[in-house]
Amino acid sequence: LDRQAVTPSLSPNTVVKGAKVIRLSRRAVDLTANCKKLARLDPPPDIVHLWKSYPDAGLPALVAADQADVPLPFDLDDWEPSIAFELTGSRLAAHLASRWDHAILKVCDTCSVASNQLKSMALDWGIHESRLWDAPVGADTSQFRPRPPDPSIVEMIGGAGQPVLVYLGQLEVAVFAEMALDVLAILAKNGQPAFLLVVGGGRYEEKLKRYA
């Protein structure tokens, strides 16, 4: 039921790796129809996992969970007001995004938080600590140990003999890739040139290249 999981390349009710993709409209006028579609799922869901609180995802998810009488876990993994402002340039949109996060926290069964700051915010907004789960963004280094560098990859990115800084992430909104370039500039001034490897892409890519 994640609005981001439905892409234009997927036709309605496409089966992808055992998952049935249900195409929903992003138009505000179709919100009621989306809610009805998810309320009539057959078979009904065992759980409704909400990744974004925005109303085009949040309201249909709430309806589906209520109709099926199943748990609604929610991911609070981003500071949505900032992202909404970057997408729209509207402080009103940012405020509404904040209110939606606030509202979903009042009705979800559990909530996962990606940082201590988000956890503190969720507690301030009234959710009980017993319903919160820590889900930090990152890897468990005890389980995922770095492998020795692959010479073929190092050669491909032109970093043989020099350090390579990796930026792993999207280049859409809430982008901090310039900080990686700032680090490279500091290294160069101190006589230690390095390469930046960007894994990912997006509309911010050209702006990042100009900044470089």
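Reader: Is Asp69 buried or exposed in this model?
Author: Happy to start there, with the reminder that this is a predicted model. Asp69 sits in the loop between α2 and β3, and its phi is near 55°, a positive value in a residue other than glycine. Its relative accessibility is 70%, and the cut-off for the exposed class is over 50%. Asp69 therefore counts as exposed.

Reader: Thanks! How confident is the predictor along the protein chain, and where is confidence lowest?
Author: The protein chain has an average pLDDT of 84, and 90% of the residues score at least 70. Over residues 1-10, though, the pLDDT is below 50, and this stretch has 23 contacts in the model beyond near neighbours in sequence. Where pLDDT is low, the predicted coordinates should not be read in detail. Going by elements, confidence is highest in β4, with a mean of 95, and lowest, with a mean of 60, in strand β1 (residues 14-16).

Reader: What does the secondary structure of the protein chain come to?
Author: Of the contacts with a separation of 6 or more, 57% are between residues 24 or more positions apart. Buried residues make up 31% of the 212 residues. As for secondary structure, the count is eight helices and seven strands.

Reader: Which strands stand at the edges of the open sheet of three strands?
Author: The order in this sheet is β3-β4-β5, with parallel pairing. β3 (73-76) and β5 (132-134) each have a single partner strand, so one side of each is left without a neighbour in the sheet. On average, neighbouring strands here are turned by 25° against each other, direction ignored. The edge strands are thus β3 and β5.

Reader: In β4, which residue is the bridge partner of Leu76?
Author: β3 and strand β4 (residues 110-113) run parallel and are joined by four bridges. One of the pairs puts Pro73 with Thr110 in β4. For Leu76, the bridge partner in β4 is Val113.

Reader: Which residue in β5 does Cys111 stand opposite?
Author: Here we look at the other pairing of β4. Three bridges join β4 to β5, and the two strands run parallel. Within β5, the residue opposite Cys111 is Leu132.

Reader: With which side chain does the side chain of Glu80 make a polar contact?
Author: Glu80 belongs to helix α3 (residues 80-88). Its relative accessibility is 3%, so Glu80 counts as buried. Leaving aside neighbours within four places in sequence, Glu80 is in contact with Lys52, Tyr54, Ala97 and Asp101. The polar contact, at 2.5 Å, is with the side chain of Tyr54.

Reader: At what angle do helix α1 and helix α2 pack?
Author: Residues of α1 that meet α2 include Leu31, Cys35 and Leu38, while the α2 side includes Leu59, Val63 and Gln67. α1 passes α2 in a right-handed crossing. The axes of α1 (residues 31-39) and α2 (residues 55-68) are 8 Å apart, and the packing angle is about 35°.

Reader: Last one: how far apart in space are Gly161 and Arg131?
Author: Gly161 lies in the loop between α6 (151-156) and β6 (164-168). With a relative accessible area of 86%, Gly161 is exposed. Gly161 and Arg131 are 30 residues apart in sequence, and their C-alpha to C-alpha distance is 49 Å.

Notes:
Residues numbered from 1 in each chain as written. Predicted model: local features only at pLDDT ≥ 70, side-chain atom pairs only at ≥ 80, totals over all residues. Heavy atoms only, no water. Buried < 20%, exposed > 50% of the residue type's maximum accessible area, 1.4 Å probe, protein only. Polar contact = N/O pair within 3.5 Å; in protein donor to acceptor, adjacent residues only side chain to side chain. Contact = heavy atoms within 4.5 Å. Pairing = 2+ DSSP bridges. Axes fitted to C-alpha atoms, helices over the stretch in contact; angles between N-to-C directions. pLDDT = per-residue confidence, 0-100. Left-handed = near helix turned anticlockwise from the far one by under 90°.
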